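Here is a structure to question, one term at a time. Each answer sets a value against a rule and then concludes.

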Amino acid sequence: MHDVIVVGAGPAGLYTALRTAEEGLDVVVLEEHEAVGIPTHCTGIVSGETNRLYKVSDEVVLNRPPSCLVISPGGRVAELEDPGEEIAVLDRAGFDRALAASVLEAGGAIRTSCRVDHISNGDWFVEVGRNGGERLRARALVLACGVTYRFHPWLGSRLPSPVLHTAQMELGASPAEKLEVHVGREVAPEGFAWLVPFRRGGRAHLKAGVLLWGDARAYLERFLARPSIASRLQETTGEPIRRLLPIAPVAKSYADRVVAVGDAAGLTKPVSGGGIFYSLLSAQFAAETLIEALAADDLSAARLSWYEVRWRERLMPEIRTSRRFRELLARLTDREWDRLVAALASDEVQSLIKRKARFNWHSPLILSMLKQPGIKSILFRSFFR
């Protein structure tokens, strides 16, 4: 009988396991793939604030970009500089492996090639069944299985809604330093495309991807085929990694003896789709709640509901504001995108961005930008479309 079983060895699951193992609990992580960190679903951009939760080793940092270029359909460009937040592009597989090493060092266990196919909840334990017929029991269960939502009905929760589609691949490319975000309905309806430069093994590469509603693979192929992009690539495109991305939380992230964390709880930034920081933060709240509940020997839904109280109190104001802003952006025409990017490049808005922008907390900047006449008028029309 384990104290905690964690299903999924991404950042959310591993950090929950780390925090609970550090308290001396018997924790085992079950990962369905052969190795931790593979496949890599995430671009892996974080700020220095992540270090407050888990120290990011320089060994897994691929690039520290000085700025991000926002490029409109008509070629307008706004440059957003790093406001001193130590923005870093991570080797996501390396980051996950570092977290896994920390879990093992703290006394936790990790089992790979361990797909969980069945969960049952008893009076005194949760039982999970894996491929091969083996069954494991624990006093508590953490769902950290990302976008694998097969267990959510058992939680008594509907699936996260809405969701978007992503596709990403890594390619050899000409050297570059700055991030790029490309917007417009032809590029990525209701979303954006990105180019993230980095170096690996002495060679320059790009992480190229799209976040949108629709056929992400087809849009990524068209984006990479653009002459301005294709001329920078030094190898042919292959098969991208695709996944669903939730941009709203699940209705309920807990049940008797169970909590869901990170993407499994639908916790991502609605505007950018970023998930690492929210994963670690939700894992921290989950671990704190589980440690208290296990000590009290009370794993009831009523007790574990405090996990949801904690993350909702911290994240929901941010998520609500960001979702409403995303909905406005999703309705913009290409001509309005040109105007909006031009406004972002203005001295007045650039000054505002430098004062208000925070990588993990978008709402202060969003609320301030909505008061800017040039931006307010564009988004006002979008609101009534």
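Q: Which residues of helix α8 (residues 334-344) are buried?
A: This is a predicted model. In α8, the buried residues are Glu336, Trp337, Asp338, Leu340, Val341, Ala343 and Leu344.

Q: What covers the buried residues of α8?
A: The cover includes two strands, β5 (67-71) and β6 (77-81). It also includes the helices α7 (301-330), α9 (347-356), α10 (363-369) and α11 (373-383). To count as a contact, heavy atoms must lie within 4.5 Å.

Q: What makes cysteine 114 a buried residue?
A: The cut-off for buried is under 20% relative accessible area. Cysteine 114 has 2% relative accessibility, so cysteine 114 counts as buried.

Q: Why is cysteine 145 called buried?
A: Its relative accessible area is 14%. The limit is under 20%, so cysteine 145 is buried.

Q: How do you know that cysteine 114 is too far from cysteine 145 for a bond?
A: A disulfide needs two cysteine sulfur atoms within 2.5 Å. The sulfur of cysteine 114 has its closest cysteine sulfur in cysteine 145, 14 Å away, so a bond is ruled out. Seen from cysteine 145, the closest cysteine sulfur is that of cysteine 114, also at 14 Å and too far.

Q: How many disulfides does the rule give?
A: The count is zero.

Q: Why is threonine 43 called buried, and where is its place?
A: Threonine 43 sits in the loop between β2 (27-30) and β3. Its relative accessibility is 14%. Buried means under 20%, so threonine 43 counts as buried.

Q: What makes the link between the side chains of threonine 43 and glutamine 168 a polar contact?
A: The distance between the two side chains is 2.6 Å. The cut-off is within 3.5 Å for a pair of N or O atoms, one able to donate a hydrogen and the other to accept it. The pair is therefore a polar contact. The side chains of threonine 43 and tryptophan 194 also make a polar contact, at 3.3 Å.

Q: Which residues is threonine 43 in contact with, leaving aside neighbours within four places in sequence?
A: They are Val89, Leu90, Gln168, Trp194, Val196 and Lys207.

Q: Why are β3 (45-46) and β4 (61-63) said to stand at the edges?
A: Start with the order. The open sheet of three strands runs β3-β7-β4, with antiparallel pairing. β3 and β4 each have a single partner strand, so one side of each is left without a neighbour in the sheet.

Q: What makes β4 and β7 (residues 88-90) a pair?
A: Pairing needs at least two bridges. Two bridges join β4 to β7, and the strands run antiparallel. They therefore pair. Valine 61 stands opposite leucine 90 in β7.

Q: How do you know that β14 (residues 192-200) pairs with β15 (residues 203-212)?
A: Nine bridges join these antiparallel strands. The rule asks for at least two, so β14 and β15 pair. Phenylalanine 198 stands opposite histidine 205 in β15. Strand β13 (residues 179-182) pairs with β14 too, in the antiparallel sense over three bridges. There, histidine 182 has alanine 193 of β14 as its bridge partner.

Q: What makes helix α1 (residues 11-21) mostly covered?
A: Of its 11 residues, 10 are buried. Among them are Pro11, Leu14, Tyr15 and Leu18. The cover includes β1 (2-7), β2, α2 (92-105), β8 (109-111), β11 (135-143) and α6.

Q: Which residues of the largest nonpolar core touch the most other members?
A: Ile5, Leu141, Leu143 and Tyr307 do, in a core of 75 residues. Helix α6 (residues 276-296) gives the largest share, 11 residues. Another core, of 32 residues, lies apart and includes Leu211, Leu329, Val341 and Met369.

Q: Is arginine 257 buried or exposed?
A: Its relative accessibility is 12%. Buried means under 20%, so arginine 257 counts as buried. Its phi is near 70°, a positive value in a residue other than glycine.

Q: Why is aspartate 297 called exposed?
A: Aspartate 297 lies in the loop between α6 and α7. Exposed means over 50%. The value here is 57%, so aspartate 297 counts as exposed.

How values were computed:
Residues numbered from 1 in each chain as written. Predicted model: local features only at pLDDT ≥ 70, side-chain atom pairs only at ≥ 80, totals over all residues. Heavy atoms only, no water. Buried < 20%, exposed > 50% of the residue type's maximum accessible area, 1.4 Å probe, protein only. Helix = DSSP H or I, 4+ residues; strand = E, 2+ residues; numbered from the N terminus. Core = buried A, V, L, I, M, F, W, Y, C linked by side-chain atoms within 4.5 Å.
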